[in-house]
Amino acid sequence: MSGLRHYCGVIGINADHNVVPSLQKTLMIIQNRGQDSAGISVFDGMEIHTVKGAGLVQTALPKESLEPYKGKVGIGHVRYATTGGKGVKNAQPMTMITGSGMMAIAHNGDLTTYDKVKKKYLETGAVFQTDSDTELIINILNKYLGQNSDIILSIRATMGEIDGAYALALMVNGRLFGIRDPHGIRPLIIGKIAGGYMIASESAAIDALGGEIVRDVAPGEIVEICQDSFRSYMPKVKCHCAHCMFEWVYFARPDTIMDGREVYDVRRRIGEILAREHPADVDIVMPIPDSGRAHAIGFSNETGIPYEEGFMKNRFAERTFILPDQKERERAVSMKMNPIKSTVAGKRILIVDDSIVRGTTLKQLVGMLRKAGAIEVHVRIGCPPIIAPCYYGVDMKTRDQFIANKHTVDEICHIIGADSLGYISIDGLVEAIGKSKEDLCLACVNGKYPTRIEGEEERFQSKITDGKFE
């Protein structure tokens, strides 16, 4: 309910049978990661065929459009537009005919050096058909493949030219590769399925095919996915991990396991820690559906305060974040959520959500609860205050959009019309995820970035002011 959007999701399958139906099925499973477009590329033994379109998987990839295509190796992609617009030209997978054969690539993440590196290639005469950073990756890889026929060396050289967050499913003719950036910012996991192996952004896709989780692709690792096994190529130099904490807080499906942690369990623990850090004397605990549900269950379990569903969500309403005007978004919220009066009337309510960005939607929801008869409305948030932009794949680009940069917690509480407001602490969030703080990307809540970004403070390094380290 925070309105945050995630970039994309990727799938790759190599099996002893036609993988096209499995690609479509698994893309529907990870549809939560992108709803603007979807596509698949499949190798039929001779060449790569690609089908893609705008909208949800069912619209972009209807079964009848996929019937002519068959192959035992393929990749898939669901996209939310960020670097590059929403046009179908930016839909993925992206393909290229090269001297080494046909390539197709699907990308989850964002390159922080996109503009700089693209400018360098434009100056050397390179031609780009899209404004997507994925096309830049495939162009760089093509250059190195032209210089060196060794695909692993070419991928390594490409990784040396780009920076930022990326989890890639790459197909070169009939060979399938999974690639994860050196910090492991975006997730990528290996699974064993009947007759083959696969990679996916989320383990729920592996579950959907009745498969078994093998392990996560390690940060900086290249894996080649074969029908009967996979080959691993680990980086010679390892970086500190920087797994995106928002994957556990909000983006990933609750039934997914990422980097050894079940998302639902993490969110439930967030709610439990929230209850310890910010208790409240209320009658019921309720979520903002769907993102706050596990958090609210954890809060209820920790306190013994009854859990109730207090909002009915209209799943067919237009997504509020795609609307350009604030008044339109506010009207859409009232169409999307409606209080259950028998639950909230005459009660002291505590609502739990995953995060606050602007605060406008939460303000409207608090008002709706009061109008429905709630005596008090208290708010608890499963993410610390967001204060800094994300450059790695979350649609939070400017500091002026964050209410926490302009107001104190008490002021935000007053603005949204709540009786009290409490955010989980950074330490509490880290405890809930169960990983070392040094292995997480917390840049949006502490302003310290795992990669070098101009004008920003780099993690593990002192900030430079007036030419001196602080």
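Me: What is a cavity here, and what volume does the largest cavity have?
Reply: A cavity is a set of grid points where a 1.4 Å probe fits but cannot get out. In this predicted model, the largest cavity has a volume of about 90 Å³. The structure holds four cavities of 30 Å³ or more.

Me: Which residues line the largest cavity?
Reply: The lining has 15 residues, and C244, C390, Y392, C441 and C444 lie nearest the centre of the cavity. Helix 8 (245-251) and helix 16 (443-446) each supply at least two residues of this lining.

Me: How do you know what kind of residues make up the lining of the largest cavity?
Reply: Cys and Tyr, for instance, count as nonpolar, while Asp, Glu, Lys and Arg count as charged. Sorted in this way, the lining has 14 nonpolar residues, no polar ones and one charged.

Me: Why does V394 count as buried?
Reply: Buried means under 20% relative accessible area. V394 has 1% relative accessibility, so V394 counts as buried. V394 is found in the loop between strand 21 (376-381) and helix 14 (409-416).

Me: How far apart are V394 and C244 in sequence and in space?
Reply: They are 150 residues apart in sequence, and 9.8 Å apart in space from C-alpha to C-alpha.

Me: What is the predictor's confidence in the chain?
Reply: On a scale from 0 to 100, the mean pLDDT is 90, and 90% of the residues reach 70 or more. Over residues 318-325 the pLDDT is below 50, and this stretch has 17 contacts in the model beyond near neighbours in sequence. Residues 462-470 also have pLDDT below 50, with eight such contacts.

Methods: Residues are numbered from 1 along each chain as its sequence is written. This is a predicted model: local features need pLDDT of at least 70, side-chain atom pairs count only at pLDDT 80 or more; totals for chains, interfaces and linings use all residues. Side-chain values use heavy atoms; hydrogens and water are left out. On a 1 Å grid over the protein atoms alone, a cavity is a set of points where a 1.4 Å probe fits but cannot get out, and a pocket is an open set with protein on both sides within 12 Å along at least five of seven lines; lining residues have an atom within 4 Å of a point. Grid points are joined across faces, edges and corners, and a volume is the space filled by probe spheres set on the points. Helices (H or I, at least four residues) and strands (E, at least two) are DSSP runs, numbered from the N terminus. Buried means under 20% relative accessible area, exposed over 50%, partly exposed in between (1.4 Å probe, protein chains only). Contact means heavy atoms within 4.5 Å.
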